[in-house]
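Welcome! Take a look at the sequence and the model first.

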Amino acid sequence: MAGKNKVKELLIVVPAYNEAESIVKTIEELINDYPEYDYIIINDGSTDDTERLCRENGYNYISLPINTGLAGAMQTGFKYAYMKHYKYVIQFDGDGQHKAEYISAMLNELRSQECDIVIGSRYLESKKVRSARMLGSKVLTFEIKLTTGTTITDPTSGMRLFGERMIKRFALSMNYGPEPDTISYLLKCGAVIKETKVEMQDRLAGKSYLSVWRSLYYMVYMCMSIAFIQLFRRKESLDE
């Protein structure tokens with residue numbers, strides 16, 4: 001379980017499923033280089049040594065008994081942040097791909113622009129490379145633009161910063177997953193969503209759960225959800 005540290009403004013939520021090979025390096029960098037932020041690891045039913053390493057190193061963590069997927073892990077993190085009264089939550093991968101050096105710029109963007117969400121974009125100032133996955137990303141960008149009027153250059157980015165009213169929505173509702181279709185829906189509800197430039201690196205170790213076929217299924221599902229499900233979903237007040 002999480003330790004009893006003094007609560008700061010920002011909580012880094014690190015969803016982790018079988019990240020034993022990279023979790024220690026990722027968390028040690030956060031602890032040593034960015035002590036101004038709190039963090040919580042959501043051990044999402046890992047079957048490797050992720051939980052043991054968290055326990056032995058005294059990390060702040062919550063272990064889920066089964067693998068719930070990214071949405072379940074992140075909602076656990078949002079619930080924790082909501083109960084502890086954090087003002088900001090950032091989604092941060094446990095595999096070493098995300099760089100904490102960009103958190104400050106994302107915070108500045110959220111505060112200065114009075115945003116609800118700031119997405120760390122790999123493509124704000126550079127083009128997407130040609131690949132099947134990037135083609136899917138381009139289609140999602142096009143669909144979000146078509147249905148909301150807003151251009152999101154990196155809709156599949158997993159580095160997302162959330163403000164207070166988003167923390168409450170994600171913590172208390174089962175209908176908010178940290179995915180591109182939710183971004184599209186929130187834009188239609190009036191959420192202010194911006195992007196800032198980030199760079200990401202390769203995984204430190206392990207293998208992504210998104211195989212070629214899973215990636216294809218994911219992109220098709222997201223496209224269908226944005227074009228049809230979210231298009232006809234009733235708009236909600238974000239301040240309820």
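## The chain as a whole

Of the 240 residues of this chain, 51% count as buried, where buried means under 20% relative accessible area, exposed over 50%, and partly exposed in between (1.4 Å probe, protein chains only). The model is a predicted one, in which local features need pLDDT of at least 70, side-chain atom pairs count only at pLDDT 80 or more, and totals for chains, interfaces and linings use all residues. Residues are numbered from 1 along each chain as its sequence is written, and side-chain values use heavy atoms, with hydrogens and water left out.

You will find 8 helices and 7 strands in the chain; helices (H or I, at least four residues) and strands (E, at least two) are DSSP runs, numbered from the N terminus. The radius of gyration is 17 Å, close to the 18 Å that the globule rule gives for 240 residues, so the chain is as compact as a globular protein of that length. That radius is taken over C-alpha atoms, and the rule is 2.2 Å times the number of residues to the power 0.38. Along its principal axes the C-alpha trace spans about 50 × 40 × 35 Å. Among contacts with a separation of 6 or more, 77% come from residues 24 or more positions apart, contact meaning heavy atoms within 4.5 Å.

Is strand E1 (residues 10-16) largely enclosed or open? Its residues are buried, 7 of the 7, so the strand is largely enclosed by the rest of the structure. Leu 10, Ile 12, Val 14 and Ala 16 point one way, while Leu 11, Val 13 and Pro 15 point the other way.

E1 pairs in the parallel sense with strand E4 (residues 88-91) over 4 bridges, and Val 13 stands opposite Gln 91 there. Two strands count as paired if DSSP finds at least two bridges between them. E1 also pairs in the parallel sense with strand E2 (residues 38-44), over 6 bridges, and here Pro 15 stands opposite Ile 42. From E1 the chain crosses through helix H1 (residues 23-33) to E2 in a right-handed β-α-β crossover: with the strands pointing away from the viewer, the path from the first strand over the helix to the second runs clockwise.

## Helices H6 and H7

In helix H6 (residues 164-172), the buried residues are Met 166, Ile 167, Arg 169, Phe 170 and Ala 171. They pack against helix H3 (69-84), E4, strand E5 (117-121), strand E6 (160-162) and helix H7 (180-188).

As for H7, 9 of its 9 residues are buried, so this helix is largely enclosed by the rest of the structure. Just after H7, Gly 190 takes a positive phi of about 100 degrees.

## A buried glutamine

Gln 230 is found in the segment after helix H8 (212-229). With a relative accessible area of 5%, Gln 230 is buried. Leaving aside neighbours within four places in sequence, Gln 230 is in contact with Asp 181, Tyr 185, Lys 188 and Ser 225.

## Two loop residues with positive phi

Most residues other than glycine have a negative phi. His 85, in the loop between H3 and E4, has a positive phi near 65 degrees. Glu 114, in the loop between helix H4 (103-112) and E5, has a positive phi near 50 degrees. His 85 counts as exposed at 66% relative accessibility, and Glu 114 counts as exposed at 66%.
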